[in-house]
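This report is written for someone meeting the structure for the first time. Please look over the sequence and the model before reading on.

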Amino acid sequence: MEVSRRKAPPRPPRPAAPLPLLAYLLALAAPGRGADEPVWRSEQAIGAIAASQEDGVFVASGSCLDQLDYSLEHSLSRLYRDQAGNCTEPVSLAPPARPRPGSSFSKLLLPYREGAAGLGGLLLTGWTFDRGACEVRPLGNLSRNSLRNGTEVVSCHPQGSTAGVVYRAGRNNRWYLAVAATYVLPEPETASRCNPAASDHDTAIALKDTEGRSLATQELGRLKLCEGAGSLHFVDAFLWNGSIYFPYYPYNYTSGAATGWPSMARIAQSTEVLFQGQASLDCGHGHPDGRRLLLSSSLVEALDVWAGVFSAAAGEGQERRSPTTTALCLFRMSEIQARAKRVSWDFKTAESHCKEGDQPERVQPIASSTLIHSDLTSVYGTVVMNRTVLFLGTGDGQLLKVILGENLTSNCPEVIYEIKEETPVFYKLVPDPVKNIYIYLTAGKEVRRIRVANCNKHKSCSECLTATDPHCGWCHSLQRCTFQGDCVHSENLENWLDISSGAKKCPKIQIIRSSKEKTTVTMVGSFSPRHSKCMVKNVDSSRELCQNKSQPNRTCTCSIPTRATYKDVSVVNVMFSFGSWNLSDRFNFTNCSSLKECPACVETGCAWCKSARRCIHPFTACDPSDYERNQEQCPVAVEKTSGGGRPKENKGNRTNQALQVFYIKSIEPQKVSTLGKSNVIVTGANFTRASNITMILKGTSTCDKDVIQVSHVLNDTHMKFSLPSSRKEMKDVCIQFDGGNCSSVGSLSYIALPHCSLIFPATTWISGGQNITMMGRNFDVIDNLIISHELKGNINVSEYCVATYCGFLAPSLKSSKVRTNVTVKLRVQDTYLDCGTLQYREDPRFTGYRVESEVDTELEVKIQKENDNFNISKKDIEITLFHGENGQLNCSFENITRNQDLTTILCKIKGIKTASTIANSSKKVRVKLGNLELYVEQESVPSTWYFLIVLPVLLVIVIFAAVGVTRHKSKELSRKQSQQLELLESELRKEIRDGFAELQMDKLDVVDSFGTVPFLDYKHFALRTFFPEGSEESST
């Protein structure tokens, strides 16, 4: 889980050439794409969402339930329904192909009992766990224990449907749950996952007492399915006029096909099931197969109208999707109630047997409000300022807004938000219960809090109010179009104009000739005149012509006398000040005399002379100066809007022979970006016979058609059109020749600009030619793929692109420096989109090869090269082995292995004879690596054997060297020791001689003392003289 505030997306790259004017204007009016809107992300796909009146927003995803604050910026509590600390899905649920209903482990999420006197709010949750368990918890904190729970309440199948509503009934005013669910699925692979009780095996709708401990079903609280009715997919449940309604449709969960018409079941709002009938809903107008899938439901209670999004089958991979696949249809609840008959068609009744008697009556929608679109997914309706507003989600991540007119006529929807990743919008749109200017947009694993209008795109008061958006109004103090809550001093009703005021109430400065002698400058519209000031200034001289203050409760006016000197005043600035806000305008009188019509003259501030039928300076008088007869104010011109490119009706009929002249075959491409396409080719026959050829594009049914004149008839079979920019949607295309009938060409899809997510590999060699793959989306609308180099400029590259990936060969940059980076760009029309960086490095280096043959019919060639980061694939490399005189064999690439020192490329030559002979006669190997071609020489000795041979030799050399050094050092040591011993002996001999000499000198003294000469031989003398300790020990 992650709570974040999404940053504004990076600015798109600056195009090399200016955008066409229409594309530029479309970009200015583009809806929000993630500018600081809060986004909450979950670990798993979201299965349910609900908002309470006081306790925040509840989101179920995977096996977890989160409680968030209304801003989505803080998580208040979390419930782990399956395993503590783990929100992952017990069984992986793959998203089904739209419009097939999605799978989820969360089946019900219903806040109720909010605001009840003396009672706290409760949250009822239903899960597939424990055979379709249901729990009742306090709304305040999910960490508290459940108050009540029961099993077999909701569908226990992840792909099964469940819809429910909580209401009060009975004499005790108890709370009951009316729940409709797909309890049993016919598919054998899912039938064993959960086995409901026999009593629930054919149950379609059940009533549960939510105040009972186990949410038990009432005694008369079941409505059974008819035998053979198949599975019913329930979409919603709601209360209206004392009854409970369940929109549903018969559905085959195996094939993904609807087996009958969408219907509405009705039961009484009671303590027991009282079946009041069912009625079929027909929203098939405009589609040959009808629309039998019901995707989303919303009750507009204030209008007593129910809105639903219906869809036809789109096929696997959306190949059958067309501009008319989905539709929004509105039905009057009173008519559904009146036509709901008690027939035993899908449900058992006591009156008749199943599938016998009358079929349910079909209810037709309100024709004026039907909106046909290529890919709607969800709807939510409300009433704002007596205007019905519908919000629609789409399969490509758009949030649309439709405002119904007085007769419930749908207008062309406005795109108020787009999800950048184009994730399909969840089937349920939830309004913010605290601030009605927000709506919660759910898609995939994310929930966003989106503003319900883009008021700031309207730049003037008249533009703001004529847009008829009830959420927007003109704020005087801010002088811009805002929500009422965003307008300073909005409590002052005169400070904020809503659409009920109309554009005529917008403040506007007027210059009026009030009499013969003066001209009055005043302001008209809806505003508070209190404490206002006004001033008129000559722009050329900066001189004030007039300055005044308002009288109590009256608008300030400036009166300028008619003077001949004022005829040279060409430009004036007029300013009205109201304390907190100002209104100013500039009037240019230079071209008054050139205006020939009264409305245009008066609109610019000039004066109109009726008798002379000419336009004059407002500060001068007509001639003759008869004010009563000549000065007459004419009505201000009303700007006429064009029909938005609506084709003119053809009243003439062409002969059958003429209709058969022209033939349309195809249109290419069938997908274009929202910027349009300047080179669309239509093929067919006999194009040169027509003098006037137009293409008509029809998208959303309530929007204007685009009428495009042919750009160039190339020849009799080909012609070229230039398509304008448009929003994302699929459109029908037809060609009209000389005003005749429009011949259908098929459909054309406007899709978002391409987006890159990955370039692989991101590093290549300087010689080029490596296969590079880009991953992303919408690559099938690019015009060119460009490599942008700082020195070589833009290099056009041939590419092969489909919707989700694009492949191209890296161009050679051999003349550039070895290491360089280039930018990969996509060109769409005149816009260039950065797709990432491609790194160039020096060419790979090969060191040698060797050939091995384990069997006589197969050779293995191992080519070694230095390690690098090129990620070479099989399609990048070609290997050829040369042998014998002129023989050569292609070697099939197997794999690449990498160790610490070298990389080995393994290839094999199979299906040959005498493999050993070829191996022995091999000479060289040719390697083609993209644009790089080189020859690799065979290694003379395999590196492993070479190492094994060299190692012992090195060891012997080291040993001999060590022995030699040791012997040399030993000899030196012995020589030095001998020299020291000789020196020591010499010194000893000298000492002994000196000792004897001294002994002889003392001889006479000894004779005198002892009378005789003691015997002292040389040995004893030496020992006693030099080793006295040893001599003493020997004597003892």
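## Terms and basis

A residue is called buried when its relative accessible area is under 20%, exposed when that area is over 50%, and partly exposed in between, with a 1.4 Å probe and protein chains only. The model is a predicted one, in which local features need pLDDT of at least 70 and side-chain atom pairs count only at pLDDT 80 or more, while totals for chains, interfaces and linings use all residues. Residues are numbered from 1 along each chain as its sequence is written, and side-chain values use heavy atoms, with hydrogens and water left out.

With a relative accessible area of 16%, Q44 is buried. When its neighbours within four places in sequence are set aside, Q44 is in contact (heavy atoms within 4.5 Å) with S61, G62, C87, T88, E89 and K445.

## The disulfide of C64 and C87

C87, one of the residues that Q44 contacts, is joined to C64 by a disulfide with an S to S distance of 1.8 Å. C64 lies in strand β5 (residues 64–68) and C87 in the loop between β6 (75–80) and β7 (106–112), so this pair ties together parts that are 23 residues apart in sequence. The link of C64 and C87 is left-handed, with -95° about the S-S bond. Both ends are covered: C64 is buried at a relative accessible area of 0%, and C87 is buried at 5%.

A disulfide is counted here as a pair of cysteine sulfur atoms within 2.5 Å, and the structure holds 15 of them. In general, a disulfide is a covalent bond between the sulfur atoms of two cysteines.

## Two further disulfides

C461 and C506 are joined by a disulfide with an S to S distance of 2.0 Å. The torsion about their S-S bond is about -85°, so this disulfide is left-handed. Because C461 lies in helix α5 (residues 461–466) and C506 in the loop between β35 (496–497) and β36 (508–512), the pair ties together parts that are 45 residues apart in sequence. C461 counts as buried at 9% relative accessibility, and C506 counts as buried at 8%.

Another disulfide joins C475 to C487, with an S to S distance of 2.0 Å, and its 75° about the S-S bond makes this link right-handed. The pair links distant parts of the chain, twelve residues apart, with C475 in strand β33 (residues 473–475) and C487 in the loop between β34 (480–482) and β35. Both C475 and C487 are buried.

## An open sheet

Four strands form an open sheet in the order β45-β47-β51-β50, with antiparallel pairing; two strands pair if DSSP finds at least two bridges between them. The edge strands, each pairing on one side only, are β45 (663–668) and β50 (712–713). Five bridges connect β45 with strand β47 (residues 677–685) in the antiparallel sense, and E668 stands opposite I681 in β47.

## Y805 in its strand

Where is Y805 found? Y805 belongs to strand β60 (residues 805–809), and with a relative accessible area of 34% Y805 is partly exposed.

Conventions: Helix = DSSP H or I, 4+ residues; strand = E, 2+ residues; numbered from the N terminus.
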